[in-house]
Amino acid sequence: MSKRKKQPTQKFKPFTKAATQTLQDTADSSALTHVKQTLIKLGLQDFLQTFSTYFARQIEVGHTTMHEHHTFFIHDKMLSHILHIPSHEKLKALIEALDTYNNIGTLQLPKVRLLNNEILSLAKGGTLRLYDIFQCLQMVKFFYDYAKKDDIDNKYLKEYMQKFVFPSDITALLTLFIFDSKDNAITPHTSKYLSQHADSELFALYKALDKKHKEKQEALYNTLHTSTLQEYLVDKQIHFFEDNATLLVRAGYANVLHARVVGRSMHGFFYIVPSSLEYIESHIHILHDKIEERLLYLAKEYSKILSKHIHFLRFVHTEYDFMDRALARLHFARDFNYSFVFAENKQNTSITLHEYAHPSLKNPIPINVAMPTNLLMITGVNAGGKTMLLKSILSALWCAKLYIPMRINAHKSQIPYIKNIHIIAQDPQDSHNDISTFSGRIQEISTLLMQKDMILGIDEIEIGTDSSEAASLYKVILESFLENNVKIIVTTHHKHLAALMADNAHTKLLAALYDYKRACPTFSFAEGIGKSYAMECAKQYGIPQEIINEAKKVHGDEANKLERLIEESHTQITKNRQDSLKLQALIKEQDSKIQELENAKKQLKANFEEQSLALKRHYNEAIKEIKMLAKQSSGNLKVLQNLKELDNHALQGTQEIVKNIHKLLNKAHKNEAKSPRIHIESVQKYNINDVVQYQNKQAKIIAQNKDSYTIELQNGVRLKGVQGVALKPMSATQTKQQVTLGYKLEAEIRATTRLDLHGYTREEAQMLLEDFINQAIMAKFSEVLIVHGMGNGILKRMVEGFLDSCNYIRGYVQAPPNMGGLGAKIVYL
């Protein structure tokens with residue numbers, strides 16, 4: 001029996017690093033191709049092309065084919081740079097912080113190319129070209145200058161700039177370069193960006209070189225005017241050929257001039273350098289060599305300094321990209337008056353767009369659309385804006401996902417973060433695109449069936465197959481997507497499909513509306529199933545009426561009846577929608593009027609209380625002055641009565657004055673008592689034990705008078721004479737949230753009407769003042785006197801500050817001279 005040979009075990013070699021990178025590049029390229037196709041279908045290529053010009057980072061691109069140039073204007077590398085956001089949270093915070101900076105227009109990043117390879121070379125001990133060193137320092141210079149600004153008020157920006165710790169030897173390097181020259185971004189010539197005091201030997205060589213060039217030009221000029229050479233000259237100009245100053249001559253010049261040929265023109269003429277200039281030429285070459293040696297020396301020295309701070313350079317390089325991404329978006333938004341809507345990961349994935357305009361439209365009609373469900377089906381009239389609505393929603397999702405500003409009302413819009421955005425749409429302008437066929441669409445749908453965290457847009461879902469049969473198939477496919485929590489936007493003329501999906505709780509139906517009077521679409525939408533208006537559109541585009549009438553007969557009476565029902569339904573939906581908008585406007589108007597009346601009532605109350613308090617102060621001060629005058633007059637009368645040399649006439653005059661003063665006092669008291677009282681009555685009536693709100697504090701009504709209430713605060717303090725307008729009713733929910741009133745204030749009242757704070761410290765005086773006010777309120781005093789004295793003003797400021805913040809007093813005034821003057825206050829409780 002023969003034995004079978006043992007098959008050798010096949011060993012697979014692991015992928016090399018280069019092979020792994022190749023596979024990764026292939027996958028990235030495939031993903032980027034899909035993204036480009038999606039953006040083209042959404043019509044965003046011109047929008048993104050304009051946006052890409054706002055980036056300061058210079059992305060080196062290779063050769064672009066004609067096909068790529070015509071379909072998408074942004075190179076793959078630049079598109080990858082736009083799409084790549086290392087940290088959404090950090091970018092959002094930086095955009096929001098920079099948006100508060102008043103001088104955002106002055107923040108312009110220098111144009112710098114990617115320097116990953118150069119920084120890697122430094123890490124390995126390599127030497128960079130001076131221009132590469134200058135590019136590194138340009139990034140450092142931007143952050144160095146911005147960190148020194150004194151107009152940064154935003155807390156995040158301050159903390160962000162504090163992360164930059166600039167090494168002293170790098171800041172010293174900054175002084176050796178010129179950063180404000182416009183030629184820096186155009187030419188890498190050393191003299192354009194290296195300061196003259198950077199290296200005296202180098203610029204001495206530059207000076208000598210310039211001198212030699214001038215000598216050469218002068219010698220050429222003299223040769224140019226030699227009489228024997230005139231017949232061989234093509235023109236009388238000095239030509240620069242490969243950085244050499246030359247003369248352009250015809251054949252035969254050698255008969256009159258010894259020269260070296262450096263090149264020939266396209267017409268067969270010769271560029272020559274006279275042999276008499278060879279000595280100057282040799283000096284020029286020597287100077288060039290010395291300059292190159294010096295530049296290499298400086299490059300090595302500067303590279304050594306940079307290599308010590310590799311981590312700092314990498315940090316600056318990374319933050320430059322973050323700042324570039326933020327500033328590009330902010331400048332783009334300001335130039336086009338766009339707004340930011342930041343896509344966020346939330347449980348609520350509903351989409352709301354308010355006054356959004358697709359960037360590809362020149363004169364767009366802003367759309368308002370809400371998608372609270374996972375499936376939005378858009379039906380209705382042809383060319384009514386169904387496809388543009390689909391593209392608008394997906395475009396807004398793209399922009400919000402990438403934090404790109406757009407034309408939208410950001411305050412009333414909400415856009416969730418959705419990782420995968422796909423569109424299956426027909427491109428009628430591309431003859432190579434066969435995606436509109438049924439098989440092509442089904443193939444695309446099959447590749448997406450198991451994908452999650454996705455929104456899918458399908459334009460004209462019924463194209464390519466029988467509508468009634470496809471409706472059943474697409475119903476099951478859509479339900480399969482919904483089971484995976486996928487959001488879907490569909491445009492269709494399938495009334496059968498729309499009717500099948502209408503019973504699904506995750507479906508919202510929108511219908512494009514048609515203007516009968518103008519016989520054209522309105523580009524607006526209402527909830528419900530729409531009609532295609534094929535007959536009306538045919539008439540609008542020139543189909544004879546008799547053909548349309550015959551078509552209606554073929555369509556059938558039952559179908560026409562169904563169409564009429566749909567039209568009537570849409571008419572009613574539109575009317576209801578308009579009535580709803582009118583009602584909402586009226587409600588808003590009434591709410592605004594009510595709010596205005598409430599504000600006016602509060603203002604009237606405040607004005608009345610202020611004026612009442614001021615009048616009472618003036619009245620009390622006047623009464624006290626009259627009383628003081630009467631007291632002084634009475635004293636003078638007693639003095640006169642005790643004098644032996646009593647003048648009867650003078651005595652009678654004094655008695656008359658005192659008598660008149662007392663008459664005035666009595667009259668003033670009677671008038672004050674009879675004066676009308678102004679009350680702002682409250683419509684709200686309260687009962688005893690009702691819980692109310694007084695000056696943002698909870699209180700309980702314990703007594704009721706004709707026009708006022710007595711209330712008890714939570715701390716036990718009772719207030720009399722509180723007007724009803726000063727109280728607000730509290731709901732049961734608010735009352736439950738507050739501490740239940742039920743305790744009673746039990747304290748010994750030791751109240752006096754005068755407090756003298758002389759001799760106390762500030763802290764002691766404040767404790768005495770608080771206790772004094774509390775005791776006076778519980779004793780139901782109407783006014784008290786607080787003596788704080790003059791001194792250094794510490795006690796005076798403390799008393800005034802306490803009284804200003806106290807909610808349990810009506811006001812205070814400076815005491816009259818006989819009661820303390822500037823060193824005392826009368827407080828009205």
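## Ground rules

Helices (H or I, at least four residues) and strands (E, at least two) are DSSP runs, numbered from the N terminus. The structure above is a predicted model, where local features need pLDDT of at least 70, side-chain atom pairs count only at pLDDT 80 or more, and totals for chains, interfaces and linings use all residues. Residue numbers start from 1 along each chain as its sequence is written, and side-chain values use heavy atoms, leaving out hydrogens and water.

Let's begin with Lys 216, found in helix H11 (residues 200-224). Lys 216 has a relative accessible area of 3%, so this lysine counts as buried (buried means under 20% relative accessible area, exposed over 50%, and partly exposed in between, with a 1.4 Å probe and protein chains only). Not counting residues up to four places away in sequence, Lys 216 touches Asn 244, Ala 245, Leu 277, Ile 280, Glu 281 and Ile 284; contact here means heavy atoms within 4.5 Å.

Ser 265 sits in the loop between strand S5 (259-264) and strand S6 (270-274). Ser 265 is buried because its relative accessibility is 16%. Apart from neighbours within four places in sequence, Ser 265 is in contact with Leu 248 and Tyr 271. Ser 446, in helix H15 (residues 438-448), is partly exposed, with a relative accessible area of 43%. The C-alpha atoms of Ser 446 and Ile 477 are separated by 9.4 Å, and these residues are 31 residues apart along the chain.

## Nonpolar cores

A nonpolar core is a set of buried Ala, Val, Leu, Ile, Met, Phe, Trp, Tyr and Cys residues joined through side-chain atoms within 4.5 Å. The largest one has 140 residues, of which Leu 98, Phe 143, Phe 177, Leu 194 and Tyr 302 touch the most other members. Helix H13 (residues 310-336) gives the most to this core, with 13 residues.

Leaving aside neighbours within four places in sequence, the contacts of Leu 98 include Ile 104, Tyr 146, Met 323 and Leu 330. A second, separate core has 32 residues, among them Leu 713, Leu 727, Ile 777 and Val 784.

In strand S23 (residues 824-828), five of five residues are buried. Ala 824, Ile 826 and Tyr 828 lie on one side, with Lys 825 and Val 827 on the other.

Strands pair if DSSP finds at least two bridges between them. Strand S21 (residues 783-787) pairs with S23 in the antiparallel sense over five bridges, and Glu 783 stands opposite Tyr 828. Strand S22 (residues 811-814) also runs antiparallel to S23, joined by four bridges; there, Val 813 stands opposite Ile 826.
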